[in-house]
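Hi there,

Here is the structure I promised to pass on to you. Have a look at it first, and then read my notes below.

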Amino acid sequence: MESPSTKRWFLLVLALALGAHFLGLFGTWHYDDFHTIVQNTNLDDPRSLGGFFVDKRLCSQDPASGMYRPMLFLSFALNKHLCGREAWGFLLGNLAIHVACAGLAFALARELARRAGGDRARACLVATCVGTLYAIHPLLNEGVSYVSARSTTLATMFVLGSMLCAVRAALVEKPRWDLAAAAWLLAAAGCFTKEIAVMAPLLFASIALALASREQRRAAAVLCLGLFAAVAIFLVVRGAVGGGELPRVSTSVEATDAFRGSGRSAWVNLLTQVVVVARYLGLFFWPAGLSLDHEARVITSLGDPIFLAALALLGGLSVAALRAPRRRPLAAAGWLWFAFALAPTSSILPLNVLMNEHRLYLPAFGVFLWSSWALAPWLERAFAGARAGALAPRLALCLLVLVCAGLGARTVARKLDFHTAERQWASAVAVSPGSPIARLGLGNELALRGDLRGAAEHFEAVVAIDPRHDAGRINLAECLLRRYEEERDRVSLERGIELLDQLVEQRSDSSLIALKAARAYQLRFLATDAESDRESADGHVRAVLRRDPAHAGARDTEKRFARERAEARGTAEAR
């Protein structure tokens, strides 16, 4: 039976989650949203609903970019059916999932605190702290404001629900197998949403090791085996339908070369992620410099001083949390939760992106749990002193309220960053000026609204950071050609041709690059009437047609070139 005060605190947590993220409903599409949702016609076809489970190509307008996450795309299809095609409807769905996660975090933290030896008051206090942090912490904003990040938040919702059912099923005097079955089903649903949910068995194991009594260990072991079975079923199904390769973090054409996943060994990635994880922890306690993309230096040596400092920090926290798991069970359970939940994206597996904020959505529960449990005795004394009329406790509680208000205000400010794509990328460049992804994104947005000079500056920055960055060079060349067409700036045309010549030499199999190079030489031919430019333009088009005689773009380019040349001859004759 829940006390009225517990219900009031629970409702407060839900209200905080709703209030802190309400402005996100006025946001827009970003990044991978376009090929997975906006342009994905499979979301409109009722026949695709079951197909998401058997054909990952339906999960993107670009079949090569599909990810096997059928529950996620079922949620997108339902969202589209209920709310239409506008971004606000999908953002409303994200907000509902976040509110549910905050509520589940409250409920799960309360169950764990009760089993860790806390009385009802302390359990409610710990649950309120965890739920409040989950509701308003700005580090979790990306998972709510970026529609495609629903993969993480929805999987987290299923995992938190699974763990709540598992705790209530196994860590009791008499096991409840109906709740155990619910835990297994929710874990499976999480796996079919995003692969991070495969850690559910280890998350429950960390809870059971810290909190299960001797009598409860058998039921906990059986439940854990059921979770492993759910994960195994997912992996078998995923492999059977051709979704067995490692997931691609981003499928954006413009961004592929900015990522560094393919060039890192597992060892180098592990060294690098030690520093990244330390930075993640820093963002939890001082959430300044939040960004859609973070600069992160690859660590290649055990002797790197930054790596050694990060390793010392993580090692010290691990010892402090795990030194006495029975005496401080929630510290141990929370730290293990954080480590296990973060392992799929921040360990030996070299994903394309080194550091992403939305990866912290599931691990955040562990951080909030052990920090709230550590803070609970101090809060109890502060509340007692404040009720007795002491000044210092009242000032301390006022400071705590100000901290929470600051976190909420920071979340609201991040919501405003997500209201337009240009503003979001501008904030990313301000935080990470050396990020090719951020520069590329802002350059694209500036080019879309016609600011070609501003766009070219950012594309030039991308090429300066990484001279072999294909997308940066392609977009820069395209921008320079557009500047020539609008301003007749021959310097821009020559620079564009120089870039495209380099790209053609390095990517001779790319029809896209070949046709852009053909366009550049055609522009120079129309300006100079040089036969060599005409031959170069036609040669690039013929190269595409040799590879694919039916290439529609090349055929259209041939016709356009012929028409432009005829118009140029007519103009010359008229003169």
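Helices here are DSSP runs of H or I with at least four residues, numbered from the N terminus. H5 covers residues 87-115 and H15 residues 364-387; their axes come within 11 Å and cross at roughly 50°. Axes are lines fitted to C-alpha atoms over the stretch in contact, with angles from 0 to 180 degrees between N-to-C directions. H5 and H15 are therefore oblique to each other; angles under 35 degrees count as roughly parallel, over 145 as roughly antiparallel, 65 to 115 as roughly perpendicular, and the rest as oblique.

Which residues in H5 and H15 meet? On the H5 side they are Ala105, Leu108, Ala109, Leu112 and Ala113, and on the H15 side Phe365, Leu369 and Trp373, where contact means heavy atoms within 4.5 Å. By class, this contact of H5 with H15 has 8 nonpolar residues, no polar and no charged ones. Ala, Val, Leu, Ile, Met, Phe, Trp, Tyr, Cys and Pro count as nonpolar, Asp, Glu, Lys and Arg as charged, and the others, including Gly, as polar.

A word on the source: this is a predicted model, where local features need pLDDT of at least 70 and side-chain atom pairs count only at pLDDT 80 or more, while totals for chains, interfaces and linings use all residues. Residues are numbered from 1 along each chain as its sequence is written, and side-chain values use heavy atoms, leaving out hydrogens and water.

Now for another helix pair. The axes of H19 (residues 452-465) and H20 (residues 470-487) come within 9 Å and cross at roughly 150°, so H19 and H20 are roughly antiparallel to each other. Their crossing is left-handed. The contact of H19 with H20 holds 8 nonpolar, 2 polar and 7 charged residues. Among those that meet are Phe459 and Glu460 in H19, and Arg482 and Arg483 in H20.

Finally, two single residues. Is Asn42 buried or exposed? Asn42 is buried, with a relative accessible area of 17% (buried is under 20%, exposed over 50%, partly exposed in between, with a 1.4 Å probe and protein chains only). Asn42 lies in the loop between helices H2 (33-38) and H3 (48-51). Ile437, in helix H18 (residues 436-448), is also buried, at 7%.

Best wishes

Terms used. Helices (H or I, at least four residues) and strands (E, at least two) are DSSP runs, numbered from the N terminus. A crossing is left-handed if the near helix is turned anticlockwise from the far one by less than a right angle, and right-handed if clockwise.
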